[in-house]
Amino acid sequence: MTGTGRALQGGLYLVVDPKPGADIVLPKVAAALRGGVGLLQVWNHWGEGQDPVDFVARTLALGRAHGVPVLVHERPDLLDAAGADGIHYDAPALGPEEVRRAAGRAVLYGVTCGNDLERVRWAANEGADYVSFCAMFPSPSAGECEIVSLETVAAARALGDITIFASGGVTPENASRVLEAGADGVAVISGILGAEDPESAARRYAAALRAHHRAGRRIAP
């Protein structure tokens with residue numbers, strides 16, 4: 001297995017919906033980065049006439065100003081065209097090493113998991129950097145994701161040394177539940193981008209993560 005190692009240690013992961021347009025979305029992303037977001041993913045959800053390469057490139061510029069990696073969603077062509085730092089798959093069309101060979105560089109790789117621990121095993125064995133469980137709780141942005149049990153997160157934590165994010169309905173108030181189950185971080189869409197003040201919203205999530213880790217309640221891999 002040749003991966004990038006456990007390059008991601010968890011934290012606050014923002015999934016960016018580009019469809020409303022760059023002029024609306026990117027100022028919110030910039031605010032969220034000031035609030036403590038540590039990983040960005042540009043969702044493959046585009047409006048008519050949008051230029052994905054331009055949007056990802058502009059997002060990369062924001063991320064790099066804060067030292068934050070930017071991933072694309074199920075679009076390996078954007079790794080080259082926009083120079084993204086990695087890719088996330090809901091249903092993997094290519095494995096981690098296939099993506100890295102095609103890109104000719106070490107890029108980050110993540111995959112969504114429901115209650116399927118076999119996908120977690122596959123991700124860990126094939127050299128993925130992280131898995132993301134969706135959805136932990138009901139939410140407007142969780143879409144068609146099945147609800148994942150906390151027991152599934154705990155079982156995944158026991159499988160190996162891979163970073164785990166929890167997403168879907170996670171709030172600053174309930175984040176401790178998924179962290180105590182074994183997640184390293186949380187992934188958010190509407191909880192930050194739908195807030196009146198994205199920077200303050202991100203700060204609340206980041207503070208909840210820091211409080212949990214300071215308390216020493218993280219389950220070690």
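Buried means under 20% relative accessible area, exposed means over 50%, and partly exposed lies in between, with a 1.4 Å probe and protein chains only. This is a predicted model, in which local features need pLDDT of at least 70 and side-chain atom pairs count only at pLDDT 80 or more, while totals for chains, interfaces and linings use all residues. Residues are numbered from 1 along each chain as its sequence is written, and side-chain values use heavy atoms, with hydrogens and water left out.

**Stop 1: C113.** Select C113, which counts as buried because its relative accessibility is 1%. With a disulfide taken as a pair of cysteine sulfur atoms within 2.5 Å, the count is zero disulfides. C113 is in none; its nearest cysteine sulfur, that of C134, is 11 Å away.

Stop 2: Move to C134 and show the backbone. The peptide bond from C134 to A135 is cis, with omega near 0°. A135 lies in the loop between β6 (130-134) and α6. Helices (H or I, at least four residues) and strands (E, at least two) are DSSP runs, numbered from the N terminus.

**Stop 3: E74.** Next, select E74 in the loop between β3 (70-73) and α3 (77-81). Phi of E74 is near 55°, a positive value in a residue other than glycine. Most residues other than glycine have a negative phi, and most peptide bonds are trans. E74 counts as partly exposed, at 27% relative accessibility.

**Stop 4: α1 against α9.** Colour helix α1 (residues 22-35) and helix α9 (residues 198-214); they pack at an angle of about 35°, with axes 7 Å apart. Here axes are lines fitted to C-alpha atoms, for helices over the stretch in contact, and angles run from 0 to 180 degrees between N-to-C directions. Contact means heavy atoms within 4.5 Å. On the α1 side, select K28, A31, A32, R34 and G35, which meet P198, E199, A202, R203 and A206 in α9. The residues of this contact divide into five nonpolar, one polar and four charged; Ala, Val, Leu, Ile, Met, Phe, Trp, Tyr, Cys and Pro count as nonpolar, Asp, Glu, Lys and Arg as charged, and the others, Gly among them, as polar.

**Stop 5: salt bridges.** A salt bridge is a side-chain nitrogen of Lys or Arg within 4 Å of a carboxyl oxygen of Asp or Glu, and the count comes to ten. R34 is partly exposed, with a relative accessible area of 45%.

Now go to D23, whose side chain meets that of R58 in a salt bridge of 3.7 Å, N to O. D23 is in α1 and R58 in helix α2 (residues 52-65), 35 residues apart. D23 is exposed at 65%, and R58 is partly exposed at 37%.

Then select R157 and D184, where the closest N and O atoms of the salt bridge are 2.8 Å apart. R157 lies in helix α6 (residues 150-157) and D184 in the loop between α7 and β8 (185-188), so the pair ties together parts 27 residues apart in sequence. Both R157 and D184 are buried.

**Stop 6: L179.** Finish in helix α7 (residues 175-181), at L179. L179 is buried, with a relative accessible area of 0%. Leaving out residues up to four places away in sequence, L179 touches D184, G185, L209 and H212. For a distance across the model, the C-alpha atoms of L179 and R58 are separated by 32 Å.
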